Amino acid sequence: MRIRSVLISIGLVVAALFPTQAASPDAGSLTPTTPLLTWEGTVPGGEINPLLLVSPVPQVRCLIAECDSFTATVALGAGFWDANGPGAVEFAIKWVYDGVIDLDLQVLDAGGNVVASSAAVDSNAESVFIPNAADGVYQARVIPSNTFAPGSSAETIAYEGLVQVEQPVLDPPGEGHQLLPNLRPSPPDGFHVSSALNLVPFPENPLLSCYVEETVQNPEHPTRCLRFNQTIANVGEGPLVVRFGLAGVVTPGPQDNIIVQRIMSSDGSFVDAPLNETYEFHEVHAHLHYKGFGQTKLYPWSAQTGRAAEPVSVGKKVGFCVIDVLMLDEYWEQTGNGPRAHVFPFDCIVPDEIDPAGPQLWVEQGVQVGWADVYGWNLADQFINITDVPDGVYELVQIANPTASVIEIPGGEVDNCASTIIQIAGDVITTPEGPGTAIPCPA
């Protein structure tokens, strides 16, 4: 308690000396007739906050980097949630994603207590839900954790913020329907025939396009790797939740590498459905890899005849750590998305449940509705082997849920593929047809 009191005192002094920046606008009232509030702001660029961990005293985290704040008065009225059904008030911020810039979000009540926070790396957004939020005054605090991006001279980083009422349609107990995900890939982009520092997309190394582990641990022993960004979104009715039984880490074997899909229902219940897949524990990454999440195929292509019948190269099935990375623009200022719930690195390996019937430890990963998982070109295993692929024009096809192991909404398979036409000329990759597009999946 003494330490906490000292921190609070320091925080109050800091707040007095360095007042928080004001967002634009800096306040608003959330009411039944105004269920959405928005604001925008900027934070200084080129800074790394050494106080990266979430502090119990938000002012302490704003010692080094200036923090914007937005005051939201929730005035929905007594009995609002009883009359309209249970829901939540969402606080969210969003900025341009580059895999490096990171802002954090904290929500404080009128007493200065942190009631919700979202503070994980590798994203373009942070979002929290306050279930059945009571009327009162709340403060959203935007905390710059890292605004330094090599090669960028931006003096400020712009962001958007919102507060809105989220009210899912709930069915009576026992009368619910399954809220299934719908996985939708984006066309591949960000092409490189080079490597980087794996978790950090710089500096680029044009001399080696494949990482050592990709060459040594791969029977194909590739020496020329085409790297690209892979993005798979969830635009369904419910979250994608995959749960890994950790017995397979201790006693590796197909019978132990269990993956189940947790399917939520609109009445609040859920069921666990076994996936027709096993996972792989990657010792280098110390991650659980769900290999059936996505796959890529490279086909010869011509403007006259289109895609060839057979691919010249097939990428590894990818699912390093299935998490919420990118909030989709189409869900911003709309209802129906979920809060950011699955993040790196905690959900890659840290158990969240002990099953006494097993005994079994469970790790949960997933993608919320309105979010996408992104694997940057720089990440290990995010490549397709082009060691023996000659120069030419090709179609790179991205497939989500390639083995149909994930249970999706009815008809969800129709948007499981996207592609980009690329031209390979040595180590130079261009896109002669422009950005890629959604396509029917190859047979």
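A pocket, as used in these legends, is an open set of points on a 1 Å grid over the protein atoms alone, with protein on both sides within 12 Å along at least five of seven lines, and its lining residues have an atom within 4 Å of a point. The model is predicted, so to speak of local features we need pLDDT of at least 70, and side-chain atom pairs count only at pLDDT 80 or more, while totals for chains, interfaces and linings use all residues. Residues are numbered from 1 along each chain as its sequence is written, and side-chain values use heavy atoms, without hydrogens and water.

**View A. The second largest pocket.** Its volume is about 890 Å³, meaning the space filled by probe spheres set on grid points joined across faces, edges and corners. Of the 33 lining residues, F129, P168, L179, P239 and N337 lie nearest the centre. Strands (DSSP E runs of at least two residues, numbered from the N terminus) β7 (125–131) and β17 (259–265) each give at least two residues to this lining.

**View C. The partners of β27.** Strands pair here if DSSP finds at least two bridges between them. β15 (residues 225–234) pairs with β27 in the antiparallel sense over 4 bridges, and Q230 has Y375 as its bridge partner. β24 (residues 326–327) also runs antiparallel to β27, joined by 2 bridges, with L326 opposite A372.

Key:
On a 1 Å grid over the protein atoms alone, a cavity is a set of points where a 1.4 Å probe fits but cannot get out, and a pocket is an open set with protein on both sides within 12 Å along at least five of seven lines; lining residues have an atom within 4 Å of a point.
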